[in-house]
Amino acid sequence: MSIDSVLDRRSFLALLGLAAGAPRSSEALELADADRLITDNREDGVRLLSARGEFIGARGAYYGPPVPFAQLPGHLISALVASEDRRFYEHWGLDPRAMARAVWSTLTGRTQGGSTLTQQAIKEIYLKEHSPIVRKLLEEPVLAPILELNLSKDEILFVYLNRVFFGGNAYGIEAAARVYFNKYARNLSILESAMMVGLLPAPNRYNPHRNLEVSRDRGLRVIEQMVDAGYLSRKAADRAKREDLNVAPSRSAWGGVYPRGTQIGWFARWAEKEANANSVAPAWQGTRTITTTLDLRIQAVVERHLQQALRRYARTNRIEEGAAVVMRYDGAVMALVGGHDYKEKEWDHATQARRQPGSVAKLFVYLAALQEGSNSDTRISDAELTLGGRPVRNFDDRYLDEIPLAAALEKSSNTAAVRLAVQHGDRTRELIKAMNIGDHADGEAGDLALGTYEATLVDLTAAFASIANRGRMVIPYSVQRVQDSTGAESLTRVRPPTSEIKQVVASRDADAMRQMLSGVVQRGTGKAADPGFWAAGKTGTTTGNRDAWFIGFTEHYVAGIWLGNSDNKPMLGVSGGGLPAQIWRAVMMDAARGS
């Protein structure tokens, strides 16, 4: 007798008359297709891939690739059956005695298992949000036998192990094996398999990242259950208990799992926000896959050099935080680090924090002068200056008479920049607005020239990218495409033709600015950033050394470095031409080696 494998859920629940509410999002119960059961009705989550398609992390529910039953270790299956459902191969989906115990415990307010693995599989996929009494008395007793009629025992185990929650955001045995042991599920040892099975009754309590000894003891009890069930000899069990146990460091932070390191978390959060902003809410449901612009090699380079600098100088120079962004000329962000440690706090100093740019803001003042007829040889006074009754000081307290604009930019003359801002204030404000820099860049000449307004590192870096890009507007982005839970593309980034990209600065003015910025690296305040090949950039330091910046570009990449403290406390002796420039140089040299 054939059983219709697809039951209309709403009709079924109406017949029962006791539904607690329709399950999460599916319209029908699929009980014959094992592959679909693994993907149907999943918890919401995001898988993130690098530009090359490498898995870099997951936010929300983390589902690993399904592991075929033939590749699941035999001792994993034995541990599961011995611990969770000793009569699994004998029953037809229900164990009446165990069910009676489970229902009685529910009615009396206690917690006791009793569901078969078949029932647990049904619950995991379709019934998690239902009333326990309705589920155990009416729904599972009907659906479990139907599932057994449609799938083999091996297929049910295949579905269960690839769907069940193992804690640590991990769903399915492959995700759990990677999270806890940094290995493929097929390579799990007996002790590791026993610990994985031991997680199932209380995934958070037995999580080895939270309490390794409790988790290991639970695994040892599962091994004893395997012996009692006849799946393991005493000798083999004793040998398994002595196995070396190497639990992988936790790669989880703030609702995400990042196998290649939690520092990628800042980029992952930013990419997810971008994907959400460019797709409708229904496309967020289930497991989405976001293919990003991240280059893992350059990301590793940025993380290494920024962390090395912070470890070496944090205490002596009173530096708590640092951030870095590397992008291509078109705005594709290839690497991003938003702070010292993503596991400590998720606040992103690259994309969220608005800080004063200091002398980095001189970019816009000099661009305005170029746009209004000046050139690199136009002379400007570097002499002492008083504005609004207050003296304007140069960083080195040295003052010259009239000097070329190029020389004034190289020495980062404050007095020259303020004089330019007085002459070209309106155009400077227009440029700042056109390049999406700062919401409040409407101050006086001194504010414009000395960068006392606020901006983010990623936006400032994009502004320099526009100069590198010969004046064409650059909007930073991190997402290449988004696929929904079915694999269909819900968002694909299509680059506009070059002719349609907004020209925010005339190419001749951008080229002149490129050359002036290269002089900053060759002869000026940015000499510490010189990587030994062509480069251009600008230093920036704010009052009291609260912020230190270097932002610039080579022929291949645009990058920005910021150092400072979250509470805005002064650093000790840190300026943009010092440590930020040195970090920038190291990053660009290593990045170039793989170009």
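The chain's accessible surface (Shrake-Rupley, 1.4 Å probe, with only the protein chains shown counting as cover for residues) comes to about 25,200 Å², and carbon and sulfur atoms hold 48% of that. This is a predicted model, so to speak from the predictor: local features need pLDDT of at least 70, side-chain atom pairs count only at pLDDT 80 or more, and totals for chains, interfaces and linings use all residues. Residues are numbered from 1 along each chain as its sequence is written, and side-chain values use heavy atoms, leaving out hydrogens and water.

View 1. Of the 595 residues, 56% count as buried, meaning under 20% relative accessible area with a 1.4 Å probe, protein chains only.

**View 2. Confidence, and the stretch at residues 1-27.** Mean pLDDT (the predictor's confidence in each residue, from 0 to 100) is 90, with 90% of residues at 70 or more. Over residues 1-27 it is below 50, yet this stretch has 53 contacts (heavy atoms within 4.5 Å) beyond near neighbours in sequence.

**View 3. The largest nonpolar core, around Tyr366 and Met513.** A nonpolar core is a set of buried Ala, Val, Leu, Ile, Met, Phe, Trp, Tyr and Cys residues joined through side-chain atoms within 4.5 Å. Leaving aside neighbours within four places in sequence, Tyr366 touches Met513 and Met516, among others.

**View 4. A second, separate core of 65 residues.** Look for Phe55, Val164, Phe181 and Leu188, which are included here.

Methods
Buried means under 20% relative accessible area, exposed over 50%, partly exposed in between (1.4 Å probe, protein chains only).
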